[in-house]
Amino acid sequence: MLHTRLVLLIALVAGLAAAWRVLQITAPPGPGLDPDAVSYLGAALSVAHGQGFRIPEGSWNAPDTTSALAHFPPGFSALIAVGVRAGVDARNAARFIEAGAAAVAVIAVALTAGVASEPIAALVAALLLLLTPAMVVVHASVLSEPLFLALVATFTLVLARRPAGETDPGAPLRRLAALSVIAAAAALVRYAGLALIGAIALDALLAHRQAPLGPRLRNAVLTTLLPVVPFGWWTLSRSEEHTSELQSH
């Protein structure tokens, strides 16, 4: 019990420190903006105003100065749009999302290390993440990577934990369902999130090898479908919108 409380305390303190640091380095005149941020913020403002996921970029020979968001998935922009609808400036909404993402990523990594080893491992893992230059730089701009990293870290934490009661027949399926939801969210934030589907399938097939093969195959299929369905919807909707734009031109 003391071990668990100490790991949790380390994770929470490190997570709060990460969130505070992100808010500090992105304070006005920040956060940093680049061409990718144009897509994220533009799509967020567009969807917040009921105009769908559109970015302020268009083809040079098109009469419309906007085009459909296609190069990036909609997850990050959709979350910013929630903040915009709540009355928050788009850039501040992005700042708060990235600060929260930093906290979640650090907490998840520390908890994963603590589950696998001792509290000192949780502390070392949290410090390494907080002091990694690439981690700091990526949180200083309006990018989807921080949110994606938070989801991957959470996925890893859930993957590393085994159901509390092996006698509960529903525990493995609930765990796989949680992994599927996180993977679906990750795929809608960055396309690389689709790679998590393979981890879910392998976990469903190999984590409980004492169970019959039939139920394991069923769980693998069902839980990998969840991330595929929303991603498939997004891909098809982008294809249809792109075709509609070509026809209108």
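**Exercise 1. Aromatic pairs**

Task: State how many aromatic pairs a search of the whole structure finds, and classify the pair of tyrosine 40 and phenylalanine 72.

Solution. Rings of Phe, Tyr and Trp (its six-membered ring) pair if their centres lie within 6.5 Å; planes under 30 degrees apart count as stacked, over 60 as edge-to-face and the rest as tilted.

Step 1: The ring centres of tyrosine 40 and phenylalanine 72 are 4.7 Å apart and the planes stand at 40°, so this pair is tilted.

Step 2: Tyrosine 40 belongs to helix H2 (residues 35-48) and phenylalanine 72 to the loop between strand S2 (67-68) and H3, so the pair ties together parts 32 residues apart in sequence. Helices (H or I, at least four residues) and strands (E, at least two) are DSSP runs, numbered from the N terminus.

Step 3: Tyrosine 40 has a relative accessible area of 1% and is buried; phenylalanine 72, at 8%, is buried as well. Buried means under 20% relative accessible area, exposed over 50%, and partly exposed in between (1.4 Å probe, protein chains only).

Step 4: Ring pairs also link Tyr40, Phe72 and Phe76 into a cluster.

The model is predicted: local features need pLDDT of at least 70, side-chain atom pairs count only at pLDDT 80 or more, and totals for chains, interfaces and linings use all residues. Residues are numbered from 1 along each chain as its sequence is written, and side-chain values use heavy atoms, with hydrogens and water left out.

**Exercise 2. Salt bridges**

Task: Determine how many salt bridges a search of the whole structure finds, and locate the partners of each.

Solution. Step 1: Two salt bridges are found in the whole structure. The criterion is a side-chain nitrogen of Lys or Arg within 4 Å of a carboxyl oxygen of Asp or Glu.

Step 1: One joins the side chains of glutamate 145 and arginine 190, at 3.4 Å from N to O. Glutamate 145 lies in helix H7 (residues 145-160) and arginine 190 in the loop between H8 and H9, so parts 45 residues apart in sequence are tied together. Glutamate 145 is partly exposed at 24% relative accessible area, and arginine 190 is partly exposed at 23%.

Step 2: Another salt bridge joins the side chains of arginine 175 and aspartate 203, at 2.6 Å from N to O. Arginine 175 is in helix H8 and aspartate 203 in helix H9, so this pair ties together parts 28 residues apart in sequence. Both arginine 175 and aspartate 203 are buried.

**Exercise 3. Two valines**

Task: Decide whether valine 84 is buried or exposed, and describe what surrounds this residue.

Solution. Step 1: Valine 84 is situated in helix H3 (residues 75-85). Its relative accessibility is 16%, so valine 84 counts as buried.

Step 1: Neighbours within four places in sequence aside, valine 84 is in contact (heavy atoms within 4.5 Å) with Leu45, Ala48 and Ala90. Its C-alpha atom is separated by 9.1 Å from that of histidine 49, 35 residues away along the chain.

Step 2: Valine 124, by contrast, is situated in helix H5 (residues 119-131) and counts as partly exposed at 40% relative accessibility.

**Exercise 4. A polar contact**

Task: Identify which side chain makes a polar contact with that of arginine 54.

Solution. Step 1: Arginine 54 lies in strand S1 (residues 54-55) and is buried at 17% relative accessible area.

Step 1: The partner is the side chain of threonine 66, at 3.0 Å. A polar contact is a pair of N or O atoms within 3.5 Å; within protein, one must be able to donate a hydrogen and the other to accept it, and residues adjacent in sequence count only if both atoms are side-chain atoms.
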